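Student: I would like to learn how to read a single-chain model feature by feature, beginning with the whole fold and ending with individual residues. Could you take me through one?

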Amino acid sequence: MHAYTDRKSKMAQNNPISPNLPCKVRLLISILTTVIDATRRSNGTVNRRLMSLFDFKASPSDKPNNAVKTSDVMVDPSRNLWFRLYVPTTTDPASKLPLVIYFHGGGFVFFSANSKPYNDLCKRLATKLPAVIISVNYRHAPEHRYPSQYEDGMDVLKFIDTTRIEGLDLNNVDITRCFLAGDSAGGNLAHHVVIKTSDHEFCQMRVMGLIAIQPFFGGKERTESETRLAKEGLAITLEQTDWYWKAFLPEGSNRDHAVVNVFGPESSGILGVKFPATIVFMGGFDPLQDWQKMYYQGLKKKGIQAYLIEYPNSFHGFYVFPELKESSFFIKEVKDFIDKLSTC
């Protein structure tokens, strides 16, 4: 597997992308940042009504749209726990596809499984990998603090493992080739759901890998990248990340909490956990990059099969913009990771 790591590192380094973003991308980032800042109240609550005006939703479609059928599946109506199922329609019906369970980003506070950027991303993943994608709609902070999101994620895995789901044909999807994936806060969520799976015996499902896309980790001590990009990080700032942790964590907790600083002083790390192979993505304009690198290094020190892919000219959330070359590189890396593990 070392040749795989070397090849990946070189690919990331030998495909530099100009930091000059298209005007459309820069405008969308500016609008999104302004809206998020406007909806975050100083008392720690969120103006959901204002956010709903800008968080555009996509409806499911049982007819192929961009070669993907989508449907929504309710898991628990009492907490509005559901997921969106993406099934590609142009693959060989005789071959079984892997299953990717995706957790969206948004600081545990914003966005949903049907938010248009994530709906579009999951469609791309479904066709390009190809794979069946399940995008989880978990509860938001601060209305629902830790550990609500982790419980929702694990409950969805249990539901998939034991429930006959309309639209999910086990003749066409192999749930013994299941990958957990998530970006930003969703990457943190996916990590902690992996830990929860170690205490559960599944009937059919087997988690083969973790795809951590610019995962949201942190700690009390400021890193070099946080300090350098505190106010200038594209799409996310240090003030925002601090606010997200306060909204998410139990009252009185700090950023060295075990779910934030996963290899920090208050954490047992992954002790006793059968942790799967992991690929970590990071970007050079992301204030969180040092924590992501330390996460990768922590996994490696524990003997976990781990890979780090860095795009030096990428910002936090680059993957939702298909017009960026790094976004296509990212999907190719995910495909290679899944294919490699599937043939091991």
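Tutor: What follows moves from the overall fold to the aromatic pairs and then to some details of the backbone. This is a predicted model, in which local features need pLDDT of at least 70 and side-chain atom pairs count only at pLDDT 80 or more, while totals for chains, interfaces and linings use all residues. Residues are numbered from 1 along each chain as its sequence is written, and side-chain values use heavy atoms, with hydrogens and water left out.

Student: How many helices and strands does the protein chain have?

Tutor: Helices (H or I, at least four residues) and strands (E, at least two) are taken as DSSP runs and numbered from the N terminus. By that rule the protein chain has ten helices and eight strands.

Student: What does the radius of gyration say about the protein chain?

Tutor: The radius is taken over C-alpha atoms, and the globule rule is 2.2 Å times the number of residues to the power 0.38. For 344 residues a compact globule would have a radius of gyration near 20 Å, and the 19 Å of the protein chain agrees with this. Along the principal axes, the C-alpha atoms fill a box of roughly 50 × 50 × 45 Å.

Student: What share of the residues counts as buried, and what share of the contacts comes from residues 24 or more positions apart?

Tutor: Buried means under 20% relative accessible area, exposed means over 50%, and partly exposed lies in between (1.4 Å probe, protein chains only); on this scale 56% of the 344 residues count as buried. A contact means heavy atoms within 4.5 Å, and among contacts with a separation of 6 or more, residues 24 or more positions apart account for 77%.

Student: How far apart are the mean positions of the positive and negative charges?

Tutor: Lys and Arg count as positive and Asp and Glu as negative, without His and the chain ends, and each charge is placed at NZ of Lys, CZ of Arg, CG of Asp or CD of Glu. The protein chain has 41 positive and 36 negative charges, whose mean positions are 3 Å apart.

Student: How many aromatic pairs are there, and what does one of them tie together?

Tutor: Rings of Phe, Tyr and Trp (its six-membered ring) pair if their centres lie within 6.5 Å, and planes under 30 degrees apart count as stacked, over 60 as edge-to-face and the rest as tilted. The count by this rule comes to 24 aromatic pairs. One of them is the tilted pair of F263 and Y295, at 6.2 Å centre to centre with 35° between the planes. F263 lies in the loop between α8 (238-248) and β7 (277-283), whereas Y295 lies in helix α9 (residues 289-301), so the pair ties together parts that are 32 residues apart in sequence. F263 is partly exposed at 29% relative accessible area, while Y295 is buried at 1%.

Student: Which arrangement do Y307 and F337 show, and are they buried or exposed?

Tutor: Y307 and F337 form an edge-to-face pair, 6.2 Å centre to centre and with 75° between the planes. Because Y307 belongs to strand β8 (residues 306-311) and F337 to helix α10 (residues 325-343), this pair ties together parts 30 residues apart in sequence. Y307 is buried at 2% relative accessibility, and F337 is buried at 1%. Elsewhere, ring pairs link F108, F110, Y146, Y150, F216, W243, Y244, W245 and F248 into a cluster.

Student: Which residues have a positive phi although they are not glycines?

Tutor: N80 has a phi of about 50° and sits in the loop between β1 (68-76) and β2 (81-88), where N80 is partly exposed at 43% relative accessibility. Q214 has a phi of about 45° and lies in the loop between β6 (207-213) and α7 (224-228); with a relative accessible area of 0%, Q214 is buried.
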